[in-house]
Amino acid sequence: NLGKGDGTSLNEFIAIVEKHVGKQANVKQLPDQPGDVPYTCADVQKAQQLLGYRSKVPFDEGIKRTVSWYKSAYEADGFENCPERQANGLGRAPSMVNITSKMAASSIAC
């Protein structure tokens, strides 16, 4: 994923996901935290110049396809939808994992 060259607000992103998932998100907006970036946007000019890159899939369509893939993977393979047990077993970045907490997570039931 290189980006699309223009930004999408978090509220816009949530609305697009809600539309394709068919459910309303539970959103709790909190004040900005130190280090939060108010706006980001991928600059794809270098990829355009060097690779001839152009975004082919509109953002909304990409989210729609991702939701469709997720739903079909979940239904077909019994894909586990349990953040507490996914990725490294805790739904956290590896830097947040330690042996004791990982062992405790094995008893988590979703």
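Q: Which residues form a nonpolar patch on the surface?
A: This is a predicted model, to start with. In it, the nonpolar surface patch is made by Leu10, Phe13 and Phe59, and together they have about 270 Å² of accessible area.

Q: Okay, leucine 10 then. Where is it found?
A: Leucine 10 sits in helix 1. Its relative accessibility is 59%, so it counts as exposed, the cut-off for that being over 50%.

Q: And what do phenylalanine 13 and phenylalanine 59 count as?
A: Partly exposed, in both cases: phenylalanine 13 has 34% relative accessibility, and phenylalanine 59 has 30%.

Q: How many aromatic pairs does the structure hold?
A: Two. One of them joins phenylalanine 13 and phenylalanine 59: the ring centres are 6.1 Å apart and the planes are at 50°, so this pair is tilted.

Q: Which parts does that pair tie together?
A: Helix 1 (residues 10-21) holds phenylalanine 13 and helix 3 (residues 59-77) holds phenylalanine 59, so the pair links parts 46 residues apart in sequence.

Q: Switching topic: what's the mean pLDDT of the protein chain?
A: It's 75, with 66% of the residues reaching 70 or more.

Q: Which elements have the lowest and highest mean pLDDT?
A: Helix 4 (residues 99-105) has the lowest, at 48, and helix 1 has the highest, at 92.

Q: Where does pLDDT stay under 50?
A: Over residues 92-103. For that stretch the model has eight contacts beyond four places in sequence.

Notes
Residues are numbered from 1 along each chain as its sequence is written. This is a predicted model: local features need pLDDT of at least 70, side-chain atom pairs count only at pLDDT 80 or more; totals for chains, interfaces and linings use all residues. Side-chain values use heavy atoms; hydrogens and water are left out. Rings of Phe, Tyr and Trp (its six-membered ring) pair if their centres lie within 6.5 Å; planes under 30 degrees apart count as stacked, over 60 as edge-to-face and the rest as tilted. Helices (H or I, at least four residues) and strands (E, at least two) are DSSP runs, numbered from the N terminus. Buried means under 20% relative accessible area, exposed over 50%, partly exposed in between (1.4 Å probe, protein chains only). pLDDT is the predictor's confidence in each residue, from 0 to 100. Contact means heavy atoms within 4.5 Å. Patches are made of residues with over 30% relative accessible area and no salt bridge: like charges are joined within 9 Å, nonpolar side chains (Val, Leu, Ile, Met, Phe, Trp, Tyr) within 5 Å. Accessible areas come from the Shrake-Rupley method with a 1.4 Å probe; for residues, only the protein chains shown count as cover. A salt bridge is a side-chain nitrogen of Lys or Arg within 4 Å of a carboxyl oxygen of Asp or Glu.
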